[in-house]
Amino acid sequence: MTADDAETGEPSDGIPPRIGAPARRALERAGYLRLSQLAGVSESELRQLHGMGPKALHILHDALKAEGLSFADDRDHPRPRPRPRNEPY
């Protein structure tokens, strides 16, 4: 555990705390308790989980990338970043 982990209370391999409660519950119900478990899982598979939205997927994508990991389909089909709600079309 690093100093940063002690401050946030999150293990270094934990699901990012910025993930909303519905997405966190969806991940837990599917058995994903650690970020490393999502490496190699397809983004389309996660998208099918009830409660998993584009914002949560973006946060997970960034967290995986920071650890040098990626979704299974991320290598072949990069996806665009979601548009912020307050940004005009």
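1. **Confidence.** The model is predicted, so start with pLDDT. The protein averages 80, and 69% of the residues score at least 70. Helix 2 has the highest confidence, at a mean of 96. Helix 1 has the lowest, at 44.

2. Over residues 1-11, pLDDT stays under 50. For this stretch the model has seven contacts beyond four places in sequence. Helix 1 spans residues 3-8.

3. **Helix 2.** This helix runs over residues 21-29, and its buried residues are Ala-23, Ala-26 and Leu-27. Seen down the helix axis, they fall within an arc of 95°, so they line one face. In general, residues three or four places apart in an α-helix point the same way, because there are 3.6 residues a turn. The cover over the buried residues of helix 2 includes helix 3 (43-47) and helix 4 (54-66). Just after helix 2, Gly-31 takes a positive phi of about 90°.

4. **The largest nonpolar core.** This core has 17 residues. Those touching the most other members are Ile-19, Leu-27, Leu-38, Leu-46, Met-52 and Leu-60. Helix 2 and helix 4 are the elements that give two or more residues to the core. Helix 4 gives the most, with six.

5. **Leu-38.** Which residues does Leu-38 contact, leaving aside its neighbours within four places in sequence? They are Ile-15, Leu-27, Tyr-32, Leu-46, Leu-60, Leu-64, Ser-70 and Phe-71.

6. The structure holds two salt bridges. In one, Arg-34 pairs with Asp-13, with the closest N and O atoms 3.7 Å apart. Arg-34 lies in the loop between helix 2 and helix 3, and Asp-13 in the loop between helix 1 and helix 2, so the pair ties together parts 21 residues apart in sequence. Arg-34 is partly exposed, at a relative accessible area of 36%.

7. Arg-47 forms a salt bridge with Glu-43, and their closest N and O atoms are 3.3 Å apart. The two residues are four apart in helix 3, which separates them by about one helical turn. Arg-47 counts as partly exposed, at 46%.

Terms used. Residues numbered from 1 in each chain as written. Predicted model: local features only at pLDDT ≥ 70, side-chain atom pairs only at ≥ 80, totals over all residues. Heavy atoms only, no water. Buried < 20%, exposed > 50% of the residue type's maximum accessible area, 1.4 Å probe, protein only. Arc of directions from axis to C-beta. Contact = heavy atoms within 4.5 Å. Salt bridge = Lys/Arg side-chain N within 4 Å of Asp/Glu carboxyl O. pLDDT = per-residue confidence, 0-100. Core = buried A, V, L, I, M, F, W, Y, C linked by side-chain atoms within 4.5 Å.
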